[in-house]
Amino acid sequence: MADDFYDVLVVGGGIVGLSTARALLAQRPELRVAVVEKEPELAAHQTGRNSGVIHSGIYYRPGSLKARFAVAGAAAMVRFCQEYGLPHEVTGKAVVATVPAELPRLAALAERGRANGLEVLELPPARLREREPAVAGLRALWVPSTGICDFAEVARCYARLAGERGAELLTGREVLDIERRADAVTVRTTGGTELRCAVLVNCAGLQSDRIARLAGDEPGVRIIPFRGEYYELVPYRRGLVRNLVYPVPDPAFPFLGVHLTRGIHGEVHIGPNAVPALAREGYDWGTVRLGDLGETLRYPGSWQLARRHWRQELGELHRSLSKAAFLRAVRRLLPSVDSPDLLPAAAGVRAQAVTPDGRLLDDFAFAGFDPADPRSPRRTVHVLNAPSPAATASLPIGAEVARRALAALTAGG
């Protein structure tokens, strides 16, 4: 057997791929496992560019993978950070209704949170002012289990633990081609390197649909990148926000709206708005990749999505291009904030899977080998949709992907 043969090869060195590698070797320490990442460093994209919120799971449909994995993952993430001495804090979160029309949706959200097993407290205006004196609202929910951490640090800890058990972390190697045969999978990367494995696990995030197609599996969705643009409060105004403050989400739009999040290192982020990115890794309007953009524009689901949500998206674009418009959205929650209080902050890009008819997948999605389906393709496991709250849920997601990979390893012979 060649030195470059692995039992499991994980494509993608973000928090999900690294959690998967750790879970595999925690269960089967004798396996040869490698993680291949195209960037020079791990956790370079979604993992290293998020808000750092340990999500409670209040928003997600009861019984869905997002609901189950977020609730379990939040508790597991806090325990993990405690065990390994990683910075974290359980802050709690307020979800605030600012106009009467939002009150029924707030009540429905409370029911959903309780159906997901969460403690949800209802705050009248006086109680809201006790927790967040600068925040305006008619009524709020308080979710005590929400917290904050540094997910890039968590991912690096996963990598260290996997490495201590023998995982190879191969950075700076972009996957160019995949050849799947009956006995193995061959992965060709930059620099002319060939890596062979019994099972390929695709945790490539923004590139996950492309990796699936390279492996010969049609994912049935395309990744449409949405950029989340943030501001942050100037240091002397950080005291305006004590914990985490969110608006009541619009059920007609798949994003949460502009919210206020205190980071683990003291910063306070405000945002994001959500606008289409002009590249899979397009963190500003100046980053345009014609191949990425052309693929998005040729996909029927992009146009169907635009038809469904064009009104909301026009508002998002307006807030992206106009600081004054962004400020008006912020002032719904934080009336005393002013333009000089807001400084531009780093943006992130969400890898959102979209179906050909324009639906945004609202749950985590896996493909490839399925232990319950003997007709499913052998030797590949794909994570096709894992946007937020995937970082929060990375421990249960990693365990699930590892389960599928080990079953594929057994089935592949």
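This note reviews selected local features of the predicted model shown above.

1. Basis of the note. The model is predicted, and local features need pLDDT of at least 70, side-chain atom pairs count only at pLDDT 80 or more, and totals for chains, interfaces and linings use all residues. Residues are numbered from 1 along each chain as its sequence is written, and side-chain values use heavy atoms, with hydrogens and water left out.

2. The sheet E3-E8-E4. Three strands make up an open sheet in the order E3-E8-E4, with antiparallel pairing. Strands E3 (53-54) and E4 (88-89) are its edges, each pairing on one side only. Strands are DSSP runs of E with at least two residues, helices are runs of H or I with at least four, and both are numbered from the N terminus; two strands pair if DSSP finds at least two bridges between them. Between E4 and E8 (residues 147-149) there are two bridges in the antiparallel sense. His 88 stands opposite Cys 149 of E8.

3. Length and faces of helix H3. The 13 residues of H3 (residues 103-115) should span 18 Å at 1.5 Å a residue, and the end C-alpha atoms lie 19 Å apart, which agrees; the expected span is 1.5 Å times one less than the number of residues. Leu 106, Leu 109, Ala 110 and Gly 113 of H3 are buried. These residues cover an arc of only 105° around the axis, so they sit on the same side of H3; the arc is that of the directions from the helix axis to the C-beta atoms. The face turned away from the buried side carries the exposed residues Pro 104, Glu 111 and Ala 115. Here, buried means under 20% relative accessible area, exposed over 50%, and partly exposed in between (1.4 Å probe, protein chains only).

4. Just after H3, Gly 117 adopts a positive phi of about 90°. Leu 118 belongs to the loop between H3 and strand E6 (121-123) and counts as buried at 11% relative accessibility. Leaving aside residues up to four places away in sequence, Leu 118 touches Ser 56, Gly 57, Ile 58, Val 71, Gly 113 and Ser 145, where contact means heavy atoms within 4.5 Å.

5. Packing of H2 and H10. The axes of H2 (residues 65-84) and H10 (residues 394-412) come within 7 Å and cross at roughly 110°. Axes are lines fitted to C-alpha atoms, for helices over the stretch in contact, with angles from 0 to 180 degrees between N-to-C directions. The two helices, H2 and H10, are therefore roughly perpendicular to each other, a term that applies from 65 to 115 degrees. On H2 the contact is made by Phe 69, Gly 73, Ala 76, Met 77 and Phe 80, and on H10 by Ser 394, Leu 395, Pro 396, Ile 397 and Glu 400.

6. Cis peptide bonds. Gly 271 and Pro 272 are joined by a cis peptide bond with omega of about 0°, and Pro 272 is found in strand E16 (residues 268-276). A cis peptide bond also joins Ser 388 and Pro 389, with omega of about 15°; Pro 389 is in the loop between strand E20 (380-385) and H10.

7. Ala 43 has a positive phi of about 60° although it is not a glycine. Ala 43 lies in the loop between strand E2 (33-36) and E3 and is buried, with a relative accessible area of 8%. Arg 379, likewise not a glycine, has a positive phi of about 75°. Arg 379 occupies the loop between strand E19 (365-368) and E20 and counts as buried at 4% relative accessibility.

Terms used: Parallel < 35°, antiparallel > 145°, perpendicular 65-115°, else oblique.
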